[in-house]
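Please keep the sequence and the structure in view while reading.

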Amino acid sequence: MTNAHLQTAHSTRFDWGPTGATRLAPAAHALVVVDVLSFTTSVTVAVEAGTHVYPYPWRDDTAPAYADQHAADLAVGRRQATPASPWSLSPAALRTAPFTPRLVLPSPNGSAISAAADGKIPVIAASLRNATAVGNWLAAQGYGTPDRPVAVIAAGERWPDGSLRPALEDLLGAGAVINALARAQALTPHQRSEDTLSPEAATAATAFRHTEDLNAAITTCASGRELIEGGFPEDVAVAAELDASPTVPVLTNGEAFTPAD
């Protein structure tokens, strides 16, 4: 592994999954995690409702203790939600669940990527729902510049053997954020945004810009079809709500996602 793999010649970088996040985070000043179906979409829904969201990498026997430690409710799997425990990784279910001030949201992908920052740099939860808001916020904070490089990480999914499956919805979500950041930077005098993007980041942004029917792409891609066929079409519909939210959830000090100032 050389510095070339870390894209350090560029100020806005893009990679995949927890391993990509672990590699890129040490040389970045901010980390953006994109898990459209559905960790970061769920985070935006919960945070815009006023909930502090604690990411947790594992949905195992340690999760309840972690939730107790933070006086938080614990989200469960989509199919495990009950009237007594209605919070889950389903963004549609979170919209109708009772308000909770603190929620632990286990996710082996999104939460693991968030943990890659090790609490040393801000982690921003981005999705299609808040892509422009995140891009504009990053630009306003000076991220995506030589002095404050940013790493955008698409979570992807997993094959049965545990290997990474690059997922179209996360490529498009990451591309939407990168595109918004580049557009915001272009409004800044003396800034040449096209020179700040790594080829990987530029390609993700291009994929987003050239997707003519975003809703169709999300609903008919492999991950979208999997959720719809599994009985969760509302989750896919929520995830496809481009720029529906102005909320920018930020994780600082490795604690909870809360709205950016």
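The text below describes a predicted model.

**Helix α2**

Helix α2 covers residues 39-48. Nine of its ten residues are buried, so the helix is largely enclosed by the rest of the structure. The buried residues are F39, T40, T41, S42, V43, T44, V45, A46 and V47. E48, in contrast, is partly exposed, because its relative accessible area is 36% and buried means under 20%. Just after α2 comes G50, which has a positive phi of about 105°.

**Salt bridges**

How many salt bridges does the count come to? The count is six.

| Side chain | Partner | Distance, N to O |
|---|---|---|
| R129 | E48 | 3.2 Å |
| D118 | K120 | 3.8 Å |
| R225 | E229 | 3.3 Å |

In the pair R129 and E48, the two side chains meet in a salt bridge of 3.2 Å. E48 belongs to helix α2, while R129 sits in the loop between β6 (123-126) and α6 (131-140), so the pair ties together parts that are 81 residues apart in sequence. R129 has a relative accessible area of 2% and is therefore buried.

R225 counts as partly exposed at 44% relative accessibility, whereas E229 is exposed at 60%.

For the remaining pair in the table, D118 and K120, both residues are exposed.

**Residue A244**

Where is A244 placed? A244 is in the loop between α11 (233-239) and β10 (249-251). With a relative accessible area of 44%, A244 is partly exposed. A244 can also be set against F14: the two are 230 residues apart in sequence, and their C-alpha atoms are 24 Å apart in space.

Notes:
Residues numbered from 1 in each chain as written. Predicted model: local features only at pLDDT ≥ 70, side-chain atom pairs only at ≥ 80, totals over all residues. Heavy atoms only, no water. Helix = DSSP H or I, 4+ residues; strand = E, 2+ residues; numbered from the N terminus. Buried < 20%, exposed > 50% of the residue type's maximum accessible area, 1.4 Å probe, protein only. Salt bridge = Lys/Arg side-chain N within 4 Å of Asp/Glu carboxyl O.
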